[in-house]
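Trainee: I have a model open and want to learn how to read its features. Can we go through them one by one?

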Amino acid sequence: MLKKYLKYLLPILVPLLILLLPASSFGIAGMTLIEQRVIAIFVMATLCWILEPIPIYATSVLIIVLELLLVSDKGLWFTKLAPPEELGNIINHQTIMGTFASPIIMLFLGGFFLAMAATKYRLDVNLARVLLKPFGQDPKFVMLGLMMITAIFSMFMSNTATTAMMLSILTPVLALFAKKDLGRVAFALSVPVAANIGGIGTPIGTPPNAVALKYLVNENSISFGSWMAFGVPFVVVMLFIAWLLLTTLFPASIKEINLNIKGRFLKTPKAVIVYVTFVTTILLWLMGDLHGMNSYVVALIPVAVFSVFKIITKEDLKKISWDVLWLVSGGIALGVALDKSGLAANAIAAIPFADFHPLLLIVGASVLCLLMANFMSHTATANLLLPLVAALGASMQSLLPYGGEVVLILAVTFAASLGMSLPISTPPNALAYASGHIESKQMAKIGVILGIIGVLLSYAMLYILKQISFIG
Amino acid sequence: MDKINIICVDDEREVLESVSRDLEYFSDMFNIEECESAFECLQLLDELDAQQEYVAVIISDHVMPEKSGVELLTEVALDNRFLGTKKLLLTGLATQADTIKAINNAKLDNFLEKVWDPQELLQTVKELLTEFIVEKGLDYEDYIEKLDAPTLYRLIKA
């Protein structure tokens, strides 16, 4: 009985305990009250995201509000009574509130507008139909086509929406398979696997990438185009490996597959505006700084165009996944608090990380991330690990020969997307599992193998990027 | 998790029990209610609404004393509190006039004939339940194991 309440009690009691402890008990010299409160908020966030007593986006909102109440310049009166040297760095409330509208959130909002307009004007289904044609009817190649299209779409749409769309195309076909034909499993698994992997391809492909952008600033900043320059090849190689794996582990005995997708390309003026805006936005993103705009500014162009031409209406606005945006905001706010309070720098100075071998750190952090991402939300995992990893990376001189903090951040970000061995790992996995064609054992087999290969491949990729001086 | 109800209405005890039995599959996650008359059902609807519980599906017989199934479902269709509730008429004795009323006024979501195929009833309720949950914007992941996957794929857009 107590166990049932533990997930509610722990996130309340443990942070409270941390608040009540004397500052000297943390082993960090000269720790301030603000830093102590930030630790309490961080611990609360960790427990809430792992145990999920409340929805994960609610945890994010709670982080922001608690930061405003406890560590901001406009917080509760008694939180600011202590003398300044004991209190530490109070954080500007505008900075904390600003996380709701940070450029990264705007980038995602732009992505949402593109995806919504594409779905509404059936650009996605129609593209899928045209792109699938050249793959013929051999199950093997139809699956390759499906996976490639799923991956491409999930680079610009949410992984969940892409999976739902592709599975609904696939459903009538899956019904034709014989009960014992393993090809059924391969097909049902190919979609979520491709969606999870595809998200890695662009900064807007999946929320963990957006969280990573927050820490890739100044000399470490990566543009939309340069992210794709290494993200897309990584996706291609991973997809190919996944395809080989699926076709060997679950070979299909059916000889021919006919995907029947109905519909025609819309040719109304509004549809044309959608096509043109879609292509233009992506081209502007790929051009980098040539036009003077960065990817965040470019992201707002489709927002304006689609609103002006009533392509996205008032009703559509309500359907935007605000929960995803808030989830990311909370992560950013957590990073802001760790950074601005000075806690990140102080804590890392207190722990002798410098004695660790930098490679051990990269491997340790990415494996931990992969493990966590299998059991909890990818975004929440990134929210928790990336601020720590970024602070660590910035302070470690020994990491520089290996590419510096960029390498560490990217390794962890990629690992966050590779956690896909359980139905609960990602929403795409849950949707595919609900089809009833897959056993969790089969999903675990593919997920674990791809997770490990993916992390190893990301090391190889980062090594090459460092060698050609693309990063670091 | 939100409390979601499935209500069965029939004046014959045995029929009611057999419908409930066919819907046993849902019972660990959803609440299955039995009513022996339209009045009992309306009363229950009142109570459920007062406790802020959802009514996802009403499965009603047509020929019942005092108030018919079509009349009951028409009332539900016009009641703002139960916007989105799925209505299934399960009857063997509806005339053409009744059927026309059922479609035009009660805005039926499904019509099954007595004697029904348990498998078909189960599948129909599964689909209606999935539609209700997605349309209401409830968290479908909580209920995913009991829902109809193809319907889910069709309805999820974001």
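Trainee: Is Glu66(B) buried or exposed?

Mentor: Count C-beta neighbours. Glu66(B) has 9 inside 10 Å, so this residue counts as exposed. Keep in mind that the model is predicted.

Trainee: Where in chain B is Glu66(B)?

Mentor: Glu66(B) sits in the loop between strand S3 (54–60) and helix H3 (69–78) of chain B. Look at the backbone there too. Most residues other than glycine have a negative phi. Glu66(B) has a positive one, near 70 degrees.

Trainee: What is the phi of Glu52(A)?

Mentor: Near 50 degrees, again a positive value in a residue other than glycine. Glu52(A) lies in the loop between helix H2 (33–51) and helix H3 (56–70) of chain A. With 16 other C-beta atoms within 10 Å, Glu52(A) is partly exposed.

Trainee: Next, peptide bonds. Which residues does a cis peptide bond join?

Mentor: The general idea comes before the case. Most peptide bonds are trans. In this model, a cis bond joins Lys114(B) and Val115(B), with omega about -5 degrees. Val115(B) is in the loop between strand S5 (110–113) and helix H5 (118–135) of chain B.

Trainee: How do I read a helix pair?

Mentor: Two packed helices are described by the angle between their axes and the distance between the axes. Take helix H19 (residues 378–395) and helix H20 (residues 405–417) of chain A. Their axes come within 9 Å and cross at roughly 165 degrees. Angles over 145 count as roughly antiparallel, so H19(A) and H20(A) are roughly antiparallel to each other. Their crossing is right-handed.

Trainee: Which residues make the contact of H19(A) and H20(A)?

Mentor: On H19(A), they include Leu385(A), Leu386(A) and Val389(A). On H20(A), Leu408(A), Ile409(A) and Val412(A) are among them. By class, the contact of H19(A) with H20(A) divides into ten nonpolar, five polar and one charged residues.

Trainee: Now a residue inside a helix. Is Met228(A) buried or exposed?

Mentor: The cut-off for buried is 20 or more C-beta neighbours. Met228(A) has 20 inside 10 Å, so Met228(A) counts as buried. This residue is found in helix H12 (residues 224–249) of chain A. Then check contacts beyond four places in sequence. Met228(A) touches Gly201(A), Thr202(A) and Leu286(A). Leu286(A) is 58 residues from Met228(A) along the chain, yet their C-alpha atoms are separated by 8.2 Å.

Trainee: Which residues does Thr119(A) contact, leaving aside neighbours within four places in sequence?

Mentor: Asp124(A), Ala161(A) and Lys157(B). Note that Lys157(B) belongs to chain B. Thr119(A) is in helix H6 (residues 103–120) of chain A. This threonine is partly exposed, with 18 other C-beta atoms within 10 Å.

Trainee: How many residues does each chain bring to the contact?

Mentor: Eleven come from chain B and 16 from chain A. By class, the side of chain B that touches chain A has eight nonpolar, no polar and three charged residues.

Trainee: And what does the domain assignment give for chain A?

Mentor: Domain 1 covers 1–99 + 322–351, and domain 2 covers 103–321. Their centres, taken over C-alpha atoms, are separated by 36 Å. Now look at the contact. Ten residues of domain 1 of chain A are in contact with ten residues of domain 2 of chain A. The domain 1 side of that contact has six nonpolar, three polar and one charged residues.

Terms used
Residues are numbered from 1 along each chain as its sequence is written. Chains are lettered from A and ligands numbered from 1 in the order in which they are written. This is a predicted model: local features need pLDDT of at least 70, side-chain atom pairs count only at pLDDT 80 or more; totals for chains, interfaces and linings use all residues. Domain bounds come from an automatic or database domain assignment. Two residues are in contact if their C-beta atoms, placed from the backbone, lie within 7 Å. Ala, Val, Leu, Ile, Met, Phe, Trp, Tyr, Cys and Pro count as nonpolar, Asp, Glu, Lys and Arg as charged, and the others, Gly among them, as polar. Helices (H or I, at least four residues) and strands (E, at least two) are DSSP runs, numbered from the N terminus. A residue is buried if 20 or more other C-beta atoms lie within 10 Å of its own, exposed if 12 or fewer, and partly exposed in between; C-beta atoms are placed from the backbone. Axes are lines fitted to C-alpha atoms, for helices over the stretch in contact, and angles run from 0 to 180 degrees between N-to-C directions. Angles under 35 degrees count as roughly parallel, over 145 as roughly antiparallel, 65 to 115 as roughly perpendicular and the rest as oblique. A crossing is left-handed if the near helix is turned anticlockwise from the far one by less than a right angle, and right-handed if clockwise.
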